[in-house]
Amino acid sequence: MTSPDELMRSVNEFRDTLNAIGSQGVSQAAELTQLDRLVRRYPAAARKSLELYDRQFRPDRTGP
């Protein structure tokens with residue numbers, strides 16, 4: 001199961017990715033706010049989503 005630290009690291013990676021893309025504006029802030037609300041409201045679903053993502057796109061990061 002994904003730990004809260006891993007979840008926050010993923011959110012931070014997402015923010016870093018958005019910053020690297022260079023897109024700025026209100027829509028970016030709105031999307032991050034919505035993501036933050038969803039993660040806080042549904043932490044178990046967020047963890048499961050990250051686990052599935054890790055299995056599919058980051059097989060080297062999956063745990064036992």
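How many aromatic pairs does the structure hold? The structure holds one, and its geometry is given under its own heading below.

## Model and conventions

This is a predicted model, in which local features need pLDDT of at least 70, side-chain atom pairs count only at pLDDT 80 or more, and totals for chains, interfaces and linings use all residues. Residues are numbered from 1 along each chain as its sequence is written, and side-chain values use heavy atoms, with hydrogens and water left out.

## Overall fold and surface

The protein chain has three helices and zero strands, arranged along the sequence as α-α-α. Helices (H or I, at least four residues) and strands (E, at least two) are DSSP runs, numbered from the N terminus.

Of the 64 residues in the protein chain, 17% are buried. Buried means under 20% relative accessible area, exposed over 50%, and partly exposed in between (1.4 Å probe, protein chains only). The accessible surface of the chain comes to about 5,200 Å², and carbon and sulfur atoms account for 53% of that surface. Areas are from the Shrake-Rupley method with a 1.4 Å probe; for residues, only the protein chains shown count as cover.

## Helix H1

H1 covers residues 4-21. Its 18 residues should span 26 Å at 1.5 Å a residue, and the end C-alpha atoms are 26 Å apart, which agrees. The expected span is 1.5 Å times one less than the number of residues.

The buried residues of H1 are Leu 7, Val 11 and Leu 18. Seen down the helix axis, they fall within an arc of 40 degrees, so they line one face of H1. The arc is that of the directions from the helix axis to the C-beta atoms. The face turned away from this buried side carries the exposed residues Asp 5, Asp 16, Asn 19 and Ala 20.

## Val 39 in helix H2

Val 39 lies in helix H2 and counts as buried at 14% relative accessibility. Leaving aside residues up to four places away in sequence, Val 39 touches Leu 7 and Ala 46; contact means heavy atoms within 4.5 Å. The C-alpha atoms of Val 39 and Val 11 are separated by 9.2 Å, with the two residues 28 apart along the chain.

## Salt bridges

The structure holds two salt bridges, each defined as a side-chain nitrogen of Lys or Arg within 4 Å of a carboxyl oxygen of Asp or Glu. One joins the side chains of Arg 58 and Glu 13 (3.0 Å, N to O). This pair links distant parts of the chain, 45 residues apart: Arg 58 is in the segment after H3 and Glu 13 is in H1. Glu 13 is partly exposed, with a relative accessible area of 25%.

The side chains of Arg 40 and Asp 36 also meet in a salt bridge (3.0 Å, N to O). Both residues belong to helix H2 (residues 26-41), where their spacing of four residues is about one helical turn. An α-helix has 3.6 residues a turn, so residues three or four places apart point the same way. Arg 40 is exposed, with a relative accessible area of 62%, whereas Asp 36 counts as partly exposed at 26%.

## Aromatic pair

Rings of Phe, Tyr and Trp (its six-membered ring) pair if their centres lie within 6.5 Å; planes under 30 degrees apart count as stacked, over 60 as edge-to-face and the rest as tilted. The ring centres of Tyr 53 and Phe 57 are 4.9 Å apart and the planes meet at 40 degrees, so the pair is tilted.

Both Tyr 53 and Phe 57 lie in helix H3 (residues 43-57), four residues or about one turn apart. Tyr 53 is partly exposed, with a relative accessible area of 37%.
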